[in-house]
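Student: I have a model open and would like to learn how to read its contacts and packing. Can we go through it together?

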Amino acid sequence: MALLFVAAVVGPFVAPHSPVQPDLDRALAAPSLQAWLGTDENGIDLLSMLLHGLRLSLFIASATCAISLVVGALIGTWAASVGGWLDQLVMRVVDVVLSFPGIVLNLAVVALVAKPEVKHLIFALCLTGWVGYARLARGLALSLRGREFVLAARVAGARLPRLVFRHMLPNMAGPLIVQTSFGFGGVVMAEASLSFLGLGPPVPYSLGALLAQGTTYLWRSAHMAAVPGVTLALVILGCNLLGDALADRWDPRRGV
């Protein structure tokens, strides 16, 4: 994951060619010394497109996970701390959102925009992404609100914002970060799926757009689909392995 993020940050600055400048004389060229990963149907260097597309995908996933984490954690912790009918109302909203297939709801939101941009895509992904964090945060907050240090803070006169930000959220950080690492790969896949269907960012080099283009020439130039496909697989595999490692590292039963 570190190597992928370094490639996303540094790659566009060292890309050998433009990711949008066509060269029809080199269309569908196989991998060579001039184009290490080959070229697409317009003769654009796939390596350059991949580096720019990786940056775009990781930026969208990072922004979506950050917003979803903050919103979901605050809503879930607040609902558990307040309790009563407000807690039930928030959880029913979460259940309603979870009852819809995420990709279908994302498609419905993005399709409402004539020309989807990155901000619209992030909004659509956050609309369904926060609920998982809210449910996890609520469960963690329910287990913490009866602990001695929280009860002591209540007795000392601490108000709800102080209880949430000073005493609860810091003790919930580990599981929430683990959830974020697992969710990161899911967001990358969701963004690629929307781009594959033509509802992603308005650029030709997103991973989903590259994969969609590659399927057209699958039997003639398999590298066009293999390059973005393998990259997607590596990103998602890396996120899952990172999540497993963090879960083992912060498992409270590890030392038992």
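Student: Which residues is Thr-128 in contact with, leaving aside its neighbours within four places in sequence?

Tutor: Contact here means heavy atoms within 4.5 Å. With those neighbours set aside, Thr-128 touches Val-97, Gly-102, Leu-105 and Asn-106. Before we go on, the source: this is a predicted model, where local features need pLDDT of at least 70 and side-chain atom pairs count only at pLDDT 80 or more, while totals for chains, interfaces and linings use all residues. Residues are numbered from 1 along each chain as its sequence is written, and side-chain values use heavy atoms, with hydrogens and water left out.

Student: Where is Thr-128 placed, and is Thr-128 buried or exposed?

Tutor: Thr-128 sits in helix α5. Helices (H or I, at least four residues) and strands (E, at least two) are DSSP runs, numbered from the N terminus. As for burial, buried means under 20% relative accessible area, exposed over 50%, and partly exposed in between, using a 1.4 Å probe and protein chains only. Thr-128 has a relative accessible area of 16%, so Thr-128 is buried. Thr-128 and Ser-68 are 60 residues apart in sequence, and their C-alpha atoms are 8.5 Å apart in space.

Student: What about Leu-121, which is also a residue I want to read? Which residues is Leu-121 in contact with?

Tutor: Leu-121 is found in helix α5 and counts as buried at 1% relative accessibility. Beyond its neighbours within four places in sequence, the contacts of Leu-121 are Ile-60, Val-110, Glu-191, Leu-194, Leu-199, Gly-200 and Pro-201. For Leu-121 and Leu-194, 73 residues apart along the chain, the C-alpha separation is 8.7 Å.

Student: And Ser-57, where does that lie?

Tutor: Ser-57 lies in helix α2. With 2% relative accessibility, Ser-57 counts as buried. Leaving aside neighbours within four places in sequence, Ser-57 is in contact with Glu-191 and Leu-207. Leu-207 belongs to helix α8 (residues 207-216), where Leu-207, Gly-208, Ala-209, Leu-210, Gln-213 and Gly-214 are buried. The cover over the buried residues of α8 includes α2, α7 (160-196) and α9 (223-249).

Student: How do I read two packed helices?

Tutor: Two packed helices are described by the angle between their axes and the distance between the axes. Axes are lines fitted to C-alpha atoms, for helices over the stretch in contact, and angles run from 0 to 180 degrees between N-to-C directions. Under 35 degrees counts as roughly parallel, over 145 as roughly antiparallel, 65 to 115 as roughly perpendicular and the rest as oblique.

Student: At what angle do α2 and α5 pack?

Tutor: Helix α2 (residues 46-82) and helix α5 (residues 118-144) pack at about 40°, with axes 5 Å apart, and α2 and α5 are therefore oblique to each other. By class, their contact has 22 nonpolar, 6 polar and 1 charged residues. Ala, Val, Leu, Ile, Met, Phe, Trp, Tyr, Cys and Pro count as nonpolar, Asp, Glu, Lys and Arg as charged, and the others, Gly among them, as polar.

Student: And how are α6 and α7 arranged?

Tutor: Helix α6 (residues 148-155) and α7 pack at about 175°, with axes 11 Å apart, so α6 and α7 are roughly antiparallel to each other. On the α6 side the contact uses Phe-149, Val-150, Ala-153 and Arg-154, and on the α7 side Leu-163, His-167, Met-168 and Asn-171. By class that contact has 5 nonpolar, 2 polar and 1 charged residues.

Student: Which residues of α4 meet α7?

Tutor: Ile-103, Asn-106, Leu-107 and Val-110 in α4 meet Ala-190, Ser-193 and Leu-194 in α7. By class, the contact of α4 with α7 has 5 nonpolar, 2 polar and no charged residues.

Student: How many aromatic pairs does the structure hold?

Tutor: A pair of aromatic rings is described by the distance of the centres and the angle of the planes. Rings of Phe, Tyr and Trp (its six-membered ring) pair if their centres lie within 6.5 Å; planes under 30 degrees apart count as stacked, over 60 as edge-to-face and the rest as tilted. The structure holds 1 aromatic pair. The ring centres of Phe-5 and Phe-184 are 5.8 Å apart and their planes are at 50°, so the pair is tilted. Phe-5 lies in helix α1 (residues 2-14) and Phe-184 in helix α7, so the pair ties together parts 179 residues apart in sequence. Phe-5 is partly exposed at 31% relative accessible area, whereas Phe-184 is buried at 9%.
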